[in-house]
Structures are given as C-alpha cells and as structure tokens.
There are 6 protein chains.
Amino acid sequence: MSTALTDSVHLAELPWPEFARRIAEGAPVFLPLGSTEQHGRHMAMNVDVVLPTAVCERVALKVGGLVAPAIAYGNRSQPRTGGGPAFPGTLNLAAATLSAVIRDVLLDLFRHDVRRIVVVNGHYENIWPAVEGIELMLDAVGRERSDGLVVLRIDHWDMVRPETIARIFPDGYPGIELEHASVIETSMMLALRPDLVDLRAALHDGPARFRPYDRYPVPPSEVPPSGVLSLTEGSSAEKGEWLLADAVDGIERAVREEFGMQ
Amino acid sequence: MSTALTDSVHLAELPWPEFARRIAEGAPVFLPLGSTEQHGRHMAMNVDVVLPTAVCERVALKVGGLVAPAIAYGNRSQPRTGGGPAFPGTLNLAAATLSAVIRDVLLDLFRHDVRRIVVVNGHYENIWPAVEGIELMLDAVGRERSDGLVVLRIDHWDMVRPETIARIFPDGYPGIELEHASVIETSMMLALRPDLVDLRAALHDGPARFRPYDRYPVPPSEVPPSGVLSLTEGSSAEKGEWLLADAVDGIERAVREEFGMQ
Amino acid sequence: MSTALTDSVHLAELPWPEFARRIAEGAPVFLPLGSTEQHGRHMAMNVDVVLPTAVCERVALKVGGLVAPAIAYGNRSQPRTGGGPAFPGTLNLAAATLSAVIRDVLLDLFRHDVRRIVVVNGHYENIWPAVEGIELMLDAVGRERSDGLVVLRIDHWDMVRPETIARIFPDGYPGIELEHASVIETSMMLALRPDLVDLRAALHDGPARFRPYDRYPVPPSEVPPSGVLSLTEGSSAEKGEWLLADAVDGIERAVREEFGMQ
Amino acid sequence: MSTALTDSVHLAELPWPEFARRIAEGAPVFLPLGSTEQHGRHMAMNVDVVLPTAVCERVALKVGGLVAPAIAYGNRSQPRTGGGPAFPGTLNLAAATLSAVIRDVLLDLFRHDVRRIVVVNGHYENIWPAVEGIELMLDAVGRERSDGLVVLRIDHWDMVRPETIARIFPDGYPGIELEHASVIETSMMLALRPDLVDLRAALHDGPARFRPYDRYPVPPSEVPPSGVLSLTEGSSAEKGEWLLADAVDGIERAVREEFGMQ
Amino acid sequence: MSTALTDSVHLAELPWPEFARRIAEGAPVFLPLGSTEQHGRHMAMNVDVVLPTAVCERVALKVGGLVAPAIAYGNRSQPRTGGGPAFPGTLNLAAATLSAVIRDVLLDLFRHDVRRIVVVNGHYENIWPAVEGIELMLDAVGRERSDGLVVLRIDHWDMVRPETIARIFPDGYPGIELEHASVIETSMMLALRPDLVDLRAALHDGPARFRPYDRYPVPPSEVPPSGVLSLTEGSSAEKGEWLLADAVDGIERAVREEFGMQ
Amino acid sequence: MSTALTDSVHLAELPWPEFARRIAEGAPVFLPLGSTEQHGRHMAMNVDVVLPTAVCERVALKVGGLVAPAIAYGNRSQPRTGGGPAFPGTLNLAAATLSAVIRDVLLDLFRHDVRRIVVVNGHYENIWPAVEGIELMLDAVGRERSDGLVVLRIDHWDMVRPETIARIFPDGYPGIELEHASVIETSMMLALRPDLVDLRAALHDGPARFRPYDRYPVPPSEVPPSGVLSLTEGSSAEKGEWLLADAVDGIERAVREEFGMQ
C-alpha cells in the first residue's frame, strides 16, 4: 500500500509530502493537454487524452518526473483539423477558457516551486491557446521574476522522426493536419488502448479534400461522414509503438538538454 | 473489442455515433467536479476526483446515463475547508476559470441535444463556481430558449442519510466542512481505491480548531500540519460503502424523479 | 458642523485629510457586503445591507475604525439560501462582477496605505465571490509585496455564540442557510430598523423543505411563497440585540487580536 | 410600521410584493451613480452619492417611481476632473467593473419587468462606463428583444438651466469639469447635507489651471492641494436649491415625456 | 531605397534595427486613435483616422519621433457626439476591447524600452477607453516599476487656441461635441485629404438640437439625417491649416516640455 | 472629387450612404489582418499589413467588394514562426484582445446587414485568434439567427498553387512557417512596395534550425540574428506578382463560389 502511495508517476496519486519531496529534487512536471472529440466511428473520443498522457507517463518514468492530471477538454474542434463541432460528442472549450486553465495550473505549479514544466499536447486546436496560456502565466508571474522557470510546449506528433514517417507512409505523408483519427492516431491507440479501437467500424470514406480556407458558420460538407480525415488502412499496434518510441525519445532528449539533466 | 466500444459508461470511451444514439434515447450526462488537493499524509491528492467519478459511474450504470470526463482541477482550496493553498501539490483554478470550464462543457452538451445534466461535485470550494458556471451557461443559452433542459447540481456528501451519519459518528458529526481528508473521505477511498490510502501515515494532529472567519494573505496556523482537518480514526472500507450507497441511491432517486425516468 | 466632519465613523462622511489622518493612526477599515434581495412579505429588501453595516458601525466605534460604503448589490440569490431570483425585486450581480468590485475597492484601500481590512458579509451567496475578490486583490498586489496587509472576512452570523443560539432556538436551530428572512434576521431588523419590519405581514408558510441539491433553470417550488425559508415566530428586538452583541463582540475580539490592537 | 413598509420611495425599503405591485403599475426605477472621492478639505467624500440620490428621490416622489440603491464606488477619478487618485480616500473601480455592475443591475431590473429606467449620474468619470454598461446590458438582452425598454442616462448637472448658471456665475461659468468640489457641488451639499460641509476648512488655493491633456503615471501638480478644482466662494444653500430644482424639474420633464406619463 | 527604409516617420515602415536605434536615442512614439464612423454625406468615414495621424506625423517630424500604426476602429459612436451606431458603416469596438488594444500596444512599447508615449485621439468616444487602457497598462507594469515612463493623452481639438476658435466661429462656437463632421473636421480634411470631401453632398439639415441626456436603445431622432451635427458652411482648407497648426504646435510644445526635449 | 468619394474600394474612404448602397447590392466586405512585426533587416515591419491589404484590394475590385481598415496589430509573435517578441519593434496583442477586435468588427458589419465577409490574414500567429474571434461573433449573434451570414477565413499564402511554389522553390519548399521575411514575403513586397525593401541589408544568416518545440520564457537562440527565418536570396518582384496573382485568383474563385456570385 505505501509503495503505491510514493511510487506513482502521477502527481495526483501522491500524498502532498511526497510531491514536495520530488519537486525539491528537481522533478519536472508534465501536463498533458487533450480533448473530448470525435475520432471516427472506429475509436473512442478520448484519443487526444490517452496519447499525450501515455507519452508523459513514459518520459516521466525515465527522467524522474511527475504527470499532472490531463486536461480532458480542448479548444474548439475545427472542420479542417478535427472534423469540427458538428460531430456529436465533441465537447469544446472557448480559447480563453482553455488558456485560463493552463495559466492557473502553471501558476500554481510555479507557486509550489516547480521550475521545470513540460506541456505535452495531443489536440491540434490546443496549440495556440496553450501558447497563450503560457504567455499569460508568464505575464502574471512577471518575466523578470520567473526565477529560472522553463516551460517546454511540445506537440507529440512533432517529435516523430522523418524516418518513421517514411516507414509508415511509404507513399507519402498527408500531413499532420489530415492525420486526425487516421493512421498515426489509430496506430498509437492500437498500441495503448486496443479496447478503444474497432477497426471493423472504420469507414473508408476519406481522405478529406478540404478547400484551403475556413467557412463559418455552416461547416463545410467536405469532412468525410465518418469524421476520419485521412485513411485508417495500414494502422497497426506495431506502428503505434514506433510512433510512441519517437515521441518518448524526443521529449526525453529535449527535457534532459533543456533542464540540464544528464 | 466492439463490446467495449459501445458498452462503456464513460462518454469519452465511446465513438461519436454511440454517443449520439444514447443521447437520442434520453441518457442523462453526469459531470464529476473534482480537484487536485492535499488530503493528508495518508491519501493521494486525487480524492475529490475519485469519489464523484465513482458515484457518477454507479448511478449512470443504473439509469442508463453517461459520465463525462471529470474536471480534475478545482477552485482555490481554503484553509477552513481544504487546508488551503499552502500545502504543496494543491493546484487550483481561479473561480472565473472553473466557472468558464463548466459553462463551456454544459453549452456543448446542450448543443448536442443533451437536456438532462447532473453535475456531481466532490470538492467543497467548487460549489459556488459551479453554481455560477451553470448560471452563465443558462445566460448564454437564454433561459427562455432552454428547451426543457434540467441541470441538477449535487454535492455527493449531501446525499448521505442522517442514519448513516449517526452510525459513522456515534459521538457526533463534526460537520462536512471539517470532514476534509477525514473519516468520510478516507472511508470512501478505502472502499474505492485502497491503493491510494496508507493509514499508517495518518498523523493524529487534528481536529482543526478554526477561528470562525477567514484571514488573508497569511493562512492561519490552525490547519493541522498533516492537512487532515478532523480525524481519520475509525475509517473503514465498510463505512465507505455505506456512504457510497447513500450517495448513489440518493442521486439515482433524484435523477429518476427530476427527469421523469421511472 | 466641523464636529460632524471629523467625527463620523463612515469613511465617506469624512473629508480626505481626516481619512488620511485616521489611516496613518492605524484605523482598520470595515467593508459591509450586502444585497438587495427579497426577505419575505414582512421585511424590506435591504436586510443584508442594514445588518452588516450596523455591525461594522458598532465595532468601528469601539476600535477606532472606519466603515466604507456598503456594497448594496450581492451575488445571485439561490433558492435554497435566499429564495432565488424568481422573487421580484431581488437584484443580483454575477459572481465575477462582485469579485471585481471587492478587488478594486480593496486595491484602492491598499494604495492608500490601509493595511487592516475587515470584510463583513450579510448575504450568504456573497461568501465565495468575496473570497475570490480578496484572492484577486492579493494576486494583483503580489502576495510577497503585500506589506503587512491583513484582510479578515467574516460572516456576521458565524460570530453568534452557541449559547445565544440555544437561547433563541430552545427547540433546535434550523441552520443558518434556512435562516433567510427568519428569526435571526427578523430579530436583528427589529432591533435596528423596526420601521422596515411588519410582523403582521409575515406568512406562516414555512419552513422550506429543500431537496438536498440545486435544480436549474426552473427554480424548485419548494421555496415557501412568502420567501421566508424558516419561521419568523418568536422574533423580537431583544433577541436581535443579543445577536448584534455577539457579532459586535466577536468581531471586536478578532480585530484586536489579529491586528495587535490592545 | 406598515406605512413605512409600503410608502418608501426606496426600492430596497420595500418588501418584494410591494415592489412587484409598483412595477406592474409602471413605476420607473431610478439608479443613482456616485463615487467615493475627495471633494476638498471642506466636504465629505460622499458628495457624488448624496447629490444624485437626492435628485432621484425628489423626482421619484413626483412621478411615482422607485430609487434603487446608489452605486457608491465610481470610475477612476482623473486629475483634470476629480483631483485624481492621489488624494487619500478616493476609492475607484476600473471601468470594466463599473460597467459590469450597471449591466447586471439593469439586467435584473429588466428580468423583473421594469421597462422604464433612469440612470442619474453624479460623478463625471462615470459617464462612459455607464454608457458602456447600458450598451452591454442591451447586448445581453438582445436589442430586438428589449420589449419596449427605455433607459435614460442623465448627468444631473446637465439639467441645470442656463439662466441658473448665469445667476450663480455672474462673472462667467468655469465649466462643469472644473466644478469638482466647487460652487455647484458645495451649494447643493449645503442645501441637502450641511452637516457634511465645513466652509471654514475650504482652502482658497484654486482655481486649477490644467494643461489641456492628461499625463500618466505621475499626476500633474496642477491640482490645487485642497482638491478643489475651482473656488467655493459664494456657495450657499439657496443656490443649491436652485440647482436641485433645475435637476429635478428637468428630469421629471424628461421622464414624463419619454415614458409617456402625463 | 535605403533612404526610405530609414527615413520614415512611421514606425511600421522601418526595419527593426532602425526602430531600436531611434528608441535608444529617445524618440517619443505617437499612437493615433481613430474610428470608422459616419461623418456626413460629404466626407469619408476615416476622418477620425486621417486627422490624428496627420497631426502625429507633423509633430513626430519636428521632434524626431515615430508614429505607430493608427487604431482604425474606435469606441461605440453615440448619437450626441458622433451620430450613433444607426448610421450604416459606423464600425465600433466595445470599450473593453479598445482599452485592451491600447493596453497591449503600450505594454509592448514599454517592453521595447519606449518611455515617451503620446496618444493622440481623433474620436470623442475614445477618450475614456483610452484613459482606461493607459491605466490598465500601468496596472500591468506596476506603477512603482514604470521606470520613468510618461504617457501623454491628447485630444487634438483641445490644442486649438481660443484665438483660432474665435476666428473660425465669429458668431460663437457650438462646442466640440457638436463639431462632429462639421466645420472643424471638414476644414481639416479639406486641408489634408480634399479627395475625401465633397462639399456639394453636404446637407444643411443641422444643427442638431439634442436633449441633454442619452436615451437607449432607440437612438433619438434628433440626429440630423445627414449625420452632420452642426453645419459645414464656411469650411475651408485654409481654416483647416490654422487648426492643424494649433494642434501641431500645441502637441510639440507639450512633448518638449514633458519629455525635457529642448 | 465626387468620383473619389464613391469610387474607392476602401470602406472607410466612402461616405456612409455609399457604403449602405454597396452593401444593399451584396458587396462582400474584406477584412485584412496584419501585424507590426520584425521582418528582417531588409524590410519594414508592416509586411503583414501590406500584403493582405493589397490582396483584398485586388479581389474587391474584381468582385465589387469593399475593404475594411486593416487590423495593424497582430497576435503575439512566436520565435518559430515570426522571430518572437524579443525583436525590437514587434508590437503584439494578447490573443483575447485580437479575438475581441475581430468579434466586434464582424458584429458591427453584421448589424449593418453585411452577410458576406472575408477575413484575409497575413500573419501566421493570427490564425487561431481569428478563428476564435469569428466563433465568438457567431456565439453573440446566435448561430441559428445568423440570417445567411457566411464568413470565409483565408490565409493568403494557402492560396498559392503548388505549381507556383515549385517554380519559386525548384530545390524544395521550406514550408510556410519558415517563410517569415523570406523569399515569399520579400518577393511580394518587392512587387508591391519596393520602397520598403532594401535587399542590400539582408543578412545571410539563415535558415533557422528550430528545435521541434517551444521554450518559454527565454526565447531560443535559434532565431537567426537578422530575424529572417529562411533565406531571401532569389526574391524578386516578378515572383511576387506570381504569388499575388495566385492569392487574388484563389480568393476571387472562393468568393464567387461561396457567395454564389457568377
């Protein structure tokens, strides 16, 4: 019992004295940013939470870090990158709301003497509200009073090596924006949570062919009915592990370098 | 595999078409409100997430409902009710931030035709920001355009029957505010997640004797060093099940009555 | 004439040099928080302003303090604690608005070198927006730059001694939440402003029997039609003076102790 | 006793059923906007509350209206129009805060079926936040759904007739902006609250000679040390009554015409 | 080519190293505040941008300053001062939005070591949101950490000398508020951008006779149909140059005096 | 004179009746979004304003549209896409500020019966605040009451055809994010405003080699000292015209198709 109480990599599974001890030793804190968003007929809606949380757990175990509770609601899904708000079940925050959440959580980490923070994002539309949340936090602290704080903001898909992309997409990579609910995310989910994937339910109605602009308020009809922007064919748990390995390795390397942890 | 994909009681573990199907059938949606907050030396900091989430799961299974992802960061901990912000690891949102999160999530549930919402709270300081979030959501929808929407806001401890309180506290109940990290929460955690409790680490430094007012900015020294406001003695998984049963039964009854589900 | 101009206990009745002189001598400033809210058919709607203002005046006279203008509009009335917004005449502020008012007033007091502030609240629903307003003020000042500032936040009913409650409610106390417009408030108003009470108009339609949760947007029909949550029978000016004496004594004691004023 | 309870012109001194009755009969509601601000060495700091409140009371008595509680904290005092924030005791709200208060109060009046609202302002710097508050309220209601609502926004000094100005200032009128704490306000206070004026304490250090622009953050040294922008000589209660009569007559006329009350 | 790149008085027409060089030498930065607002049938809607921008250019050339990009959208037009929002083409910002823009731009100027800022306003309704924007900027910087910063806020019409007014209005000046789209603005536009004036299109339907108060939401019918509040007769480019000369001279003098530039 | 007054493609250069006439005829309104941001040693800081404004002018002339005043201050520059805030002269708005500006301008266009709006963006970091501003505008209008409104949001560089990219970058395209102040922007500026480009001042210190994540608060040293993220070699006015032609053609086509204008 006491083992669990001091062994977890999850910040919220520790009692407060153990949290204090780890931070005093320099543990970086990882904050996963996710969303609750349609990911096709063949996957659950928590993909953007599962993936960055798993990546954070693995890196945190390697570097002696802690994982803060994932933010499970993300910024407004857009048709060209996530299918958009018309899909039932997609639950979104306004940009200002998400930025405020990130600002507040980071401010309290700072207040508790955390000076090494890694925000790991799993939802494309979160990128800019996360940037803003970090900027607002620094405005509140006062940049000249930030006492050695370093915040890294990482989109896990950006850590995947070109070699891996080339292996997975021998016929060419459609680009991360079209990868919503497609091979990359499906493969990673197959590696991590196969119980939340049912490839038989995948429709082959993609890939989406978007016009190169946004249209409001009526979402364009270009999103494939399934919600899958590209294709899921060729997804596999093995490929998912390649992708996870890249993300974990890349973030571990960044963390060690930026925080001076050998 | 496909079983899991349509069987879960967790909204975010479903693919979007299954979410749509359940809502069309009238499934109520339960939103657990928690916090990441010190709960003594003997418990993890996610108590306020674990408890309402478990209660929501149990009720949702009984009434055919869905559980939305828990909000894992709560409103500012106060010394008299949660130990306060001085304890390492307590990560808080400003009131306006939490209200905005609740407003946004409820607005999107409404947009997806959910008309039966139950907000189940596990953190005392969340009460008023949750009220405000619901009010802001109704302001945004327009109260006269709310189309049959009913939102219930429930603090799980308020559903415990006086008989149960009398059984657990034969010598008198200290009141819910002093119950932070004490017998009620410890017992419920023992029932649900014994791996996150270590009774040997509990200090017997309480109960807190608070002055009947708040003092800022220096938190009063009245909070026992452990962070436990009352005492943990007598906590047991059995009592935890009594408390859970009351919360589940009470909320189930409220849901059936208010939503007209026989 | 000049007597009045320097003798008043009300901050706003002084010319500015006298304000400056008193603050330089260490005068604490009391800020009453009220509301404009239905208080039954038998009382005016300014009860929550009259009571804390009177308490502040009495304490300020004893300790050489000043009373700032009362905030006459409070946070949203809720059915279970104030009858709710459906009663005509109840005029409410959103939580963020009230918090901003309190933040701004406290910031300006601080700017004018006030370091001893006592916020005395008379409206249940104000508690959490007042906490937030104080926290926001401290965020703006910078907690590490707050220069000895101490803010006390007191709900006047919490200063009433158990002995007094026992004397007033020999058959058991219904709890402060149900006391809206009932014996405690009616008695205090009889002591302070009998012209604003007409006991003949009191309906005997209570006490309210609330379900143990909130329901939105339709307010529950559980509020007695009169708006009185408990009963007014047995109210008297004499009891009102007992209650006032407790509040005044309790706050005076807190002020002397916390601010080191013998 | 019952007389007072239904006879008051002050909204908050009525029980809720009487408020409802008056509104149903078409009573306009007057909202006085004030400030807590230095007004020279010879006057209290509540001048901007006393004057519009008295004007509202008088008009409301004539037209069967109600006076809502005055807003006692105003928008940031500026050197050229109120002496500025450097004077001890001046307690200000940020513009957004004041606008939010006005928005919220007007929204609740509207919710209670009030369709005739008169905002009577006594503090120069409140003009634009009051305009904004009204605009925000209309934005929230929806201008096309405002159901006959009319809001008048009146600065009481703008109702003074040129003849009266000529009588009071036979040597020429310095303009309302320089009238802060000077003859107009001093005379009106002498008529209404002579106990809050001590002409012997008036310094003759004015009038202010302002540069025709604002300078921040250091307030210009052009404000006379007393805080009186013009001169107080010649102030009298008689002149105060002339001014009050003009304000009352002018507002009464506007109310009758705009609301179609003969 | 390189001449233009380092010679412009417009901040945004410089490459960044030249901006840095000028600021290091003490160049004041001028920020013109305008609006997009009806200005009668005879003038374009950018009058409030053209005028302060031209004034800023002329002063900046004389004192070695830089002109930041004008803010082309202003605060809500009001009937009594700008014709109001009912005129097609008037595009407004809420007060809080405009204040936030000014706050942010000034904060970034401060961050880049600018300590001499002159905000030159061309739209009456911008006055108070500009004041608030400056105050919010100072709140964010911290008034005690503002490091010698001086911000001047100037309405260009306030720099016109009484002698000039007397020359232009031999029969009496209607006051700046009625001057919207009238002789002053028309003359200045004739001097600066005669291509944006067509005097033949001017209607002679003024002057406006406003009631001395505001009315919402229905704008009063007192605004002349043309949108011209006073009259345009007698406007000329020559008079425009007189007015420009006064504004430029007055601001130059203020800048040299306040910033200690001989 | 009168020619100019009714012929301009710029909304703000028209008198209000001409604006009304054009909108009644179905003229789409184009809103250019820019920034004031470093663009290398060889270009002015208004590149992001000049480019989308020119594109808007050209398209508006072809389709009978109007160009609203450009928003000259953009969202916070980030190191990986614009060099970041450390470069002198980069003047940024917080995301919420920019979103509010866009929301307000679009709301007023809608109020004036504009139902065809095209937001043309020239600054990478504006993308998401622009999306949010449009969403907030639709929230305020009410999506179900938007009366046929269509808003297109276009990044001008996304309209460039692959063929053109291939012609300009025969050795491969570095991607739009690295194109800040590089060949694309430099060529377009050479075509439009050669007076604001000095190729002799271009440093050849790029291209930037960014780590694939963001780091705060200290901006990474990876930005080339010049601020040019890629290279400027090979820039020419001719290439600029190719790029402009693509943007203009692409937007024209989108406008005609989406708004049903043949």
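## Close-ups of a predicted model

**View 1. Two salt bridges are counted between chain E and chain F.** Keep in mind that this is a predicted model. Glu13(F) pairs up with Arg193(E) in a salt bridge, and their closest N and O atoms sit 3.7 Å apart. On the chain E side, the elements giving two or more residues are helix 1 (2-7), helix 2 (16-24), strand 4 (92-93) and helix 5 (95-111). Helix 5 of chain E supplies the largest share, nine residues. Sorted by class, that side of chain E has 35 nonpolar, 12 polar and 10 charged residues.

**View 2. Chain E and chain F bury about 4400 Å² between them, and carbon and sulfur atoms give 65% of that.** In residue terms, 57 residues of chain E are in contact with 57 of chain F.

**View 3. Helix 8 (residues 183-192) of chain C is largely enclosed by the rest of the structure, because nine of its 10 residues are buried.** Among the buried ones are Val183(C), Ile184(C), Met188(C), Met189(C) and Leu190(C), and Glu185(C) is on the list too. The buried residues pack against helix 3 (47-63), helix 7 (162-168) and helix 9 (237-258) of chain C.

**View 4. Asp108(A) and Arg111(A) meet in a salt bridge, 2.8 Å from N to O.** Both belong to helix 5 (residues 95-111) of chain A; they are three residues apart, so about one helical turn separates them. An α-helix has 3.6 residues a turn, so residues three or four places apart point the same way. Asp108(A) counts as buried because its relative accessibility is 10%, under the 20% cut-off. Arg111(A), at 35%, counts as partly exposed.

**View 5. Within helix 2 (residues 16-24) of chain D, Glu18(D) and Arg22(D) lie four residues apart, about one turn of the helix.** Their side chains form a salt bridge at 2.8 Å, N to O. Glu18(D) is buried at 8% relative accessible area, and Arg22(D) is buried at 12%.

**View 6. In chain F, Arg22(F) and Glu18(F) meet in a salt bridge (2.8 Å, N to O).** Helix 2 (residues 16-24) of chain F holds both residues, four apart. Arg22(F) is buried at 13%, and Glu18(F) counts as buried at 8%.

**View 7. A salt-bridge network links Arg76(A) with Glu132(F), Glu135(F), Asp139(F) and Arg143(F).** For context, a search of the whole structure turns up 162 salt bridges over all chains.

Conventions: Residues numbered from 1 in each chain as written. Chains lettered and ligands numbered in written order. Predicted model: local features only at pLDDT ≥ 70, side-chain atom pairs only at ≥ 80, totals over all residues. Heavy atoms only, no water. Contact = heavy atoms within 4.5 Å. Buried area = accessible area lost by both parts, 1.4 Å probe. Salt bridge = Lys/Arg side-chain N within 4 Å of Asp/Glu carboxyl O. Nonpolar A, V, L, I, M, F, W, Y, C, P; charged D, E, K, R; others polar. Buried < 20%, exposed > 50% of the residue type's maximum accessible area, 1.4 Å probe, protein only.
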